[in-house]
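Please look over the model shown here, chain by chain, before turning to the place where the chains touch.

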Amino acid sequence: MSKILQVVVVILLTLVTAQNGLCDERYANDEALTGVHSVKAYFDVNVGEPEKLLACLDLIDTTFTQLQTAGLTPNFVIGIRGGASNFFTINDRYILDIDRKYREAVENWVRKGRDRGYSLEQCRIAAKLQEIDLGDFLPLIEIVANGYVSMIGYQSQGYAFVPVD
Amino acid sequence: MKPSAYSGLRHLYLLLFMLLSLFLAQTPIFAEEYQEDVSNKDYLYVKGLVRSISPEQGLLTITPRDGHNITVILDSKTEFKGFFKLEELKIRQSVKVWYRPEKDRNIALKILKPMELGC
């Protein structure tokens, strides 16, 4: 293949990937991040539909990575409540048989989240309402007395509140 | 008895009857009462997640926390609480069901959708 043809192929491929959104480098959040060196965020995870839950968790990871790439140090707290609680457990007692794979995926996500430094908090009131034994939550998750108090507290400390529902 | 006195007495009887009706309607004598977490000779109780719904056939399958799936069939007497029709329930929705087992099916007596506080 001639060199000219190779260059043409590379240019065409670049154009195609850029139009497909595969080449995201041209997008940034420069204005939002001007003068920012570290970020703190509280993610209110309240999704009971497992596919959507996993998509949301993936988006949290993407956000973390993009902030790191932008040269920032992200500090994320993941607050779990509502229907999401059922998927942060060590067994399948709280989910349908068809959702087993999702619970396992959530468990893997939690394990990887630890490496990223995420703090994971489960609302005790939500657990009680859904009759989930506190001992059945994944060991990396901290049980807090009241998720609402956490939201208020973290926001008072300057954490950005990010609804995930 | 004078006609006016008779009329007054009749109104009193009517009032007493209405009050008694209201009182009885609020007691379990008229209403079917099902206790939570209780199964007895009249009904069985199950709490779990909605596994499948078939509004056309009036079928609801529940996955209890421990144990096998249970399918109940609705009839015209099935009582709903917290919702109005079967279509409103969703997969993974938490429900409480009272039912009466028969030879080849389970008749749904009452289905309760617990209040969701969003917490």
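How many helices and strands does chain B have? Chain B has 1 helix and 6 strands, where helices (H or I, at least four residues) and strands (E, at least two) are DSSP runs numbered from the N terminus. Read from that terminus, the elements of chain B follow the order α-β-β-β-β-β-β.

This is a predicted model, in which local features need pLDDT of at least 70 and side-chain atom pairs count only at pLDDT 80 or more, whereas totals for chains, interfaces and linings use all residues. Residues are numbered from 1 along each chain as its sequence is written, while chains are lettered from A and ligands numbered from 1 in the order in which they are written.

Of the 119 residues in chain B, 14% are buried, a residue being buried if 20 or more other C-beta atoms, placed from the backbone, lie within 10 Å of its own. Among the contacts in chain B with a separation of 6 or more, 53% are between residues 24 or more positions apart, a contact requiring that the C-beta atoms of two residues, placed from the backbone, lie within 7 Å.

Chain A has 6 helices and 5 strands, and along its sequence they run α-α-β-α-β-α-β-α-β-α-β. Buried residues make up 29% of the 165 residues of chain A, and, for contacts between residues at least 6 apart in sequence, 70% join residues at least 24 apart.

Between the chains, 9 residues of chain B are in contact with 10 residues of chain A. The side of chain B that touches chain A has 3 nonpolar, 2 polar and 4 charged residues, with Ala, Val, Leu, Ile, Met, Phe, Trp, Tyr, Cys and Pro counted as nonpolar, Asp, Glu, Lys and Arg as charged, and the others, Gly among them, as polar.

Key
A residue is buried if 20 or more other C-beta atoms lie within 10 Å of its own, exposed if 12 or fewer, and partly exposed in between; C-beta atoms are placed from the backbone.
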